[in-house]
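Subject: Structure for your reading

Dear colleague,

Please find below the structure that I am handing over to you. I would ask you to look through it first and then to read the notes that follow.

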Amino acid sequence: VVFLKSWIEEYREMDFKTALAAGVTNYYVPYNIILIIISRFWSGWGFMLGGISIIHDYLIAYVVYKMILHFQGDKANKIMAAYASIGLLLMPWMFVDSAAWKQCDSIYAFYAILCLYLILKEKNFRAICAFSIGFCFKLQIIFLLPFIFIIWVVKNNWGVFYLFLVPLFYFVAGLPSVLAGGNAELIYKTYLEQTNTYKDFTFNYPNFYVFFTYIFKFNKWPVIMFAILALLTIFVFAGIQKDKLNNIDLIGIAGFSVWTAVMFMPCMHERYDYVALIIIWVYAIVFNNGFLGQCIIMQVCMSLIYIAYCFFTFMFGDALSFAYCPAYIWFAINFFKYVIFKRDYKPKSAINKNMN
């Protein structure tokens, strides 16, 4: 919030064109435009900025509701879909991130969840457009990219050329600042610069590098290769088993692949698994109660981390890694055993689901 306030105040001292060219934040152009517009008002900036994030919280809940009904739409399941959506809105980490912290994670997360929903409905062009818009708000949506490649293998019903829309959207989104006189190189290198923001292997995020930071001695490349290997494992086995996977399995794969990316990539911080929290909530609560225990541990840990850091500036991530990492391992073992390889297991579901 301190950074947001300083950015708003700095933008307030500039006219609109100068502010657009300056780009005083480390965010990309679309979010800067939101900040510049809000800076035109002399009071209530926090209410407006938080309001935008909260609106996207509700949009996420609505897409989750529609996603659940995509599989089964009778009266009983509508009630379950409503409970799951409302429960998501009541998650402490979601409330803290948007209402208290006033972060923009819900904006890009909305487009990520919308992308997932459209993929499951086989509206692939719209899905990649949603992904591209989300990418223009925050780089972290790329954690959904491994799942998109998995879909390309499993479904084989859309062209990879769709991915060229991502740089196209990114280029167009940067034009307002370029045309206002901003430095084009700096504008389009925004995300490249962001990758150098955090030097620690993990910043208040309870992943495996809480334990192994000093082993790698801050050399990122072995860690990045290990993350790629972990994601390739999911990719390969999903491809091998593609004829046995249904859409509900794909929701689980989406959540697991995003979570895996954040657990194994270096320089992660506590808000980077925002999309994984949403997808795994839906998957475990509604479609596969066999993963409910891991989901609860995940939600509780991240809620405590958000609350501790936002309200008390206390970094709780390292301590909670002793619960969070085992929950991930537990999820991974069961996911490969029962979902990918279908080993003598019938998933318990809160709804009478349509598996196609």
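Lys138 counts as buried, at 6% relative accessibility; buried means under 20% relative accessible area, exposed over 50%, and partly exposed in between, with a 1.4 Å probe and protein chains only.

Before I continue, please note that this is a predicted model, in which local features need pLDDT of at least 70 and side-chain atom pairs count only at pLDDT 80 or more, while totals for chains, interfaces and linings use all residues. Residues are numbered from 1 along each chain as its sequence is written, and side-chain values use heavy atoms, with hydrogens and water left out.

Salt bridges

What does Lys138 form a salt bridge with? The partner is Asp105, and the closest N and O atoms are 2.6 Å apart. A salt bridge here is a side-chain nitrogen of Lys or Arg within 4 Å of a carboxyl oxygen of Asp or Glu. Lys138 lies in the loop between α8 and α9 (145-154) and Asp105 in helix α7 (residues 105-120), so the pair ties together parts that are 33 residues apart in sequence. Helices (H or I, at least four residues) and strands (E, at least two) are DSSP runs, numbered from the N terminus. Asp105 is buried as well, with a relative accessible area of 1%.

The whole structure holds four salt bridges. In one of them, Arg271 pairs with Glu270, with 3.9 Å between the closest N and O atoms, and both residues are buried.

The nonpolar core

A nonpolar core is a set of buried Ala, Val, Leu, Ile, Met, Phe, Trp, Tyr and Cys residues joined through side-chain atoms within 4.5 Å. The largest one has 130 residues, of which Tyr31, Ile60, Ile253, Trp259 and Ile278 touch the most other members. Helix α16 (residues 274-287) gives the most to this core, with 14 residues. Apart from its neighbours within four places in sequence, Tyr31 is in contact (heavy atoms within 4.5 Å) with Leu4, Leu49, Lys102, Cys104, Ile107 and Phe137.

Lys102 sits in the loop between α6 (92-100) and α7 and is buried, with a relative accessible area of 16%. Its phi is near 60 degrees, a positive value in a residue other than glycine. Most residues other than glycine have a negative phi. Asn204, in the loop between β1 (202-203) and α13 (209-216), likewise has a positive phi, of about 65 degrees.

Helix α10

Where does the kink in α10 lie? A kink of about 25 degrees lies at Ala173, shortly before the proline Pro176; the bend at a residue is the angle between axes fitted to the seven residues ending there and the seven starting there. Among the buried residues of α10 are Leu165, Tyr170 and Ala173. The cover over its buried residues includes α2 (16-22) and α3 (29-39).

Confidence

The protein chain averages a pLDDT (the predictor's confidence in each residue, from 0 to 100) of 88, and 92% of the residues score at least 70. Over residues 352-356 the pLDDT is below 50. Where pLDDT is low, the predicted coordinates should not be read in detail.

Yours sincerely
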